[in-house]
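This report goes through selected features of one protein structure. Please have the sequence and the model open while reading.

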Amino acid sequence: QVTLVESGGGLVQAGESLRLSCTVSGYTDSVAAMAWFRQAPGKGREFVSGISGRGRYTDYADSVRGRFFVSRDNAKYTAYLQIVSLKLEDTAVYYCASHARDYPSRSKQDYKTWGQGTQVTVSS
């Protein structure tokens, strides 16, 4: 069994930066690609970013490209999402997800393991 735990969310002002973390525990050998999704109030869960097992390939939704940066440290079993220049519309619960294939998918249906989410609230 794999467990993902997100951290790093909080209340920030527009324009500030934040770094989210997702730590993997349990059967870590089964974790390859990791991804970040977010769900704003009243909206569906949307893909934000993904990273391959060794971190060589990254993917971003068009809406966040250039402001969101995904990375991972496999020695620490942790993936990160650095967010710069936060906007009001970035307010959401951010979830990390993982699956056993090496390359990330943009479809939430492809992920079986999810974290509990971390709230990011951006104020003006």
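Where is the place of Val 31? The model is predicted, and in it Val 31 sits in the loop between β3 and β4, the latter covering residues 34-39.

Val 31 has a relative accessible area of 14%, which is under the 20% limit, so the residue is classed as buried. Setting aside neighbours within four places in sequence, Val 31 is in contact with Val 2, Val 24, Arg 72, Ser 98 and His 99.

Arg 101 is 70 residues away from Val 31 along the chain, yet the C-alpha atoms of Val 31 and Arg 101 are separated by 7.8 Å.

## The sheet

Strands of a sheet pair through backbone hydrogen bonds, in either a parallel or an antiparallel sense. Here an open sheet is formed by 4 strands, in the order β1-β3-β8-β7, with antiparallel pairing. Its edge strands are β1 (2-7) and β7 (68-73), each of which pairs on one side only. On average, and with direction ignored, neighbouring strands of this sheet are turned by 15 degrees against each other.

The pairing of β1 with β3 (residues 18-26) is antiparallel and runs over 6 bridges. Within this part of the sheet, Val 5 stands opposite Thr 23 in β3.

## Ser 21 in strand β3

Ser 21 is another residue of strand β3. Is Ser 21 buried or exposed? Its relative accessible area is 14%, so Ser 21 counts as buried.

Not counting residues up to four places away in sequence, Ser 21 touches Val 5, Glu 6 and Ser 7, along with Trp 36, Thr 78, Ala 79 and Tyr 80. Val 5, one of these contacts, is also the residue that stands opposite Thr 23.

## The disulfide

A disulfide is a covalent bond between the sulfur atoms of two cysteines. The structure holds 1 disulfide. Which residues does the disulfide join? The bond links Cys 22 to Cys 96, with an S to S distance of 2.0 Å. Cys 22 belongs to strand β3 and Cys 96 to strand β9 (residues 92-98), so the pair ties together parts that lie 74 residues apart in sequence.

The torsion about the S-S bond of Cys 22 and Cys 96 is about 55 degrees, and the disulfide is therefore right-handed. Cys 22 has 0% relative accessibility and so counts as buried. Cys 96, at 1% relative accessibility, counts as buried too.

How values were computed. Residues are numbered from 1 along each chain as its sequence is written. This is a predicted model: local features need pLDDT of at least 70, side-chain atom pairs count only at pLDDT 80 or more; totals for chains, interfaces and linings use all residues. Side-chain values use heavy atoms; hydrogens and water are left out. Two strands pair if DSSP finds at least two bridges between them. Helices (H or I, at least four residues) and strands (E, at least two) are DSSP runs, numbered from the N terminus. Axes are lines fitted to C-alpha atoms, for helices over the stretch in contact, and angles run from 0 to 180 degrees between N-to-C directions. A disulfide is a pair of cysteine sulfur atoms within 2.5 Å. Buried means under 20% relative accessible area, exposed over 50%, partly exposed in between (1.4 Å probe, protein chains only). Contact means heavy atoms within 4.5 Å.
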